[in-house]
Amino acid sequence: MPTGELDRVQRTLLLHLLEHHGQQVRFEASQWVTEFGIVRRFADEPAESLRRALRVLEMARLVYRRTQYVVGYSEPKHVYALTPSGHRKALEVRADDPSGDAAPAEASLASGRARRSVGLSPEEPPPTDGSAEPTV
């Protein structure tokens, strides 16, 4: 799938997963690679467009989903990770970015809009009282 065929949300998700690529340890993954964490991270995007983009990337075999324990949660969650071809594609997307930096692609989602956060920032650990669990 050429980089030009990826839409803005798909490119942003690839860059997000590339940014969090090295944060998965053997038995626990970062909260930011779960579907719920991704939806929270890009709260200004419609959740359905994020889920659709994740499915498209999964069908294109650029990302894969697995069940794994996540830091701060007591039960396993679905987490997303880049496949080897997805990693190459994310590097291409980052290289095609005119500024040469991955951060502006994610920042473009929030430009001109206030970020609706659920009280968590990427630096802040998730609450352990279960209040961060999705109600889906």
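**Exercise 1. Find what share of the contacts in the protein, at a separation of 6 or more, comes from residues 24 or more positions apart.**

Solution. Residues 24 or more positions apart supply 65% of the contacts in the protein with a separation of 6 or more. A contact means heavy atoms within 4.5 Å. The model is predicted: local features need pLDDT of at least 70, side-chain atom pairs count only at pLDDT 80 or more, and totals for chains, interfaces and linings use all residues. Residues are numbered from 1 along each chain as its sequence is written, and side-chain values use heavy atoms, with hydrogens and water left out.

**Exercise 2. List the elements of the protein from the N terminus on.**

Solution. Count first: there are five helices and three strands. Both are DSSP runs, numbered from the N terminus: helices are H or I with at least four residues, strands E with at least two. Then read the order: α-β-α-α-β-β-α-α.

**Exercise 3. Work out how the strands are arranged in the sheet.**

Solution. Step one: the order. The sheet is open, has three strands and runs β1-β2-β3 with mixed pairing. Strands pair if DSSP finds at least two bridges between them.

Step two: β1 with β2. They run parallel and are joined by two bridges. E28 stands opposite Y69 in β2.

Step three: β2 with β3. Here the strands are antiparallel, with six bridges. Q68 has K77 in β3 as its bridge partner. The two strands form a hairpin with six residues between them, and G72 in the turn has a positive phi of about 95°.

**Exercise 4. Identify the residues with the most contacts inside the largest nonpolar core, and the element that gives the most to this core.**

Solution. A nonpolar core is a set of buried Ala, Val, Leu, Ile, Met, Phe, Trp, Tyr and Cys residues joined through side-chain atoms within 4.5 Å. Buried means under 20% relative accessible area, exposed over 50%, partly exposed in between (1.4 Å probe, protein chains only).

- The largest core has 25 residues; L13, L14, L17, I38, L57, V63 and L82 have the most contacts inside it.
- At least two residues each come from α1 (8–19), α2 (35–41), α3 (47–59), β2 (63–70), β3 (77–82) and α4 (84–96).
- α1 gives the most, with six residues.
- Leaving out residues up to four places away in sequence, L17 touches V33, I38, V63, Y80 and L82.
- In β3, five of six residues are buried.
- Across the 136 residues of the protein, 40% are buried.

**Exercise 5. Describe how α1 packs with α4.**

Solution. Take the geometry first. The angle is about 110°, and the axes lie 9 Å apart. Axes are lines fitted to C-alpha atoms, for helices over the stretch in contact; angles run from 0 to 180 degrees between N-to-C directions. The helices are therefore roughly perpendicular to each other, a term for 65 to 115 degrees.

Now the residues. From α1 come R11, L14, L15 and L18; they meet G86, H87, K89, A90, L91, V93 and R94 in α4. By class, six are nonpolar, two polar and three charged.

**Exercise 6. Where does R61 lie, and is R61 buried or exposed?**

Solution. R61 sits in the loop between α3 and β2. Its relative accessibility is 65%, so R61 counts as exposed. Check the backbone too: R61 is not a glycine, yet has a positive phi of about 60°. Most residues other than glycine have a negative phi.

Conventions. Parallel < 35°, antiparallel > 145°, perpendicular 65-115°, else oblique. Nonpolar A, V, L, I, M, F, W, Y, C, P; charged D, E, K, R; others polar.
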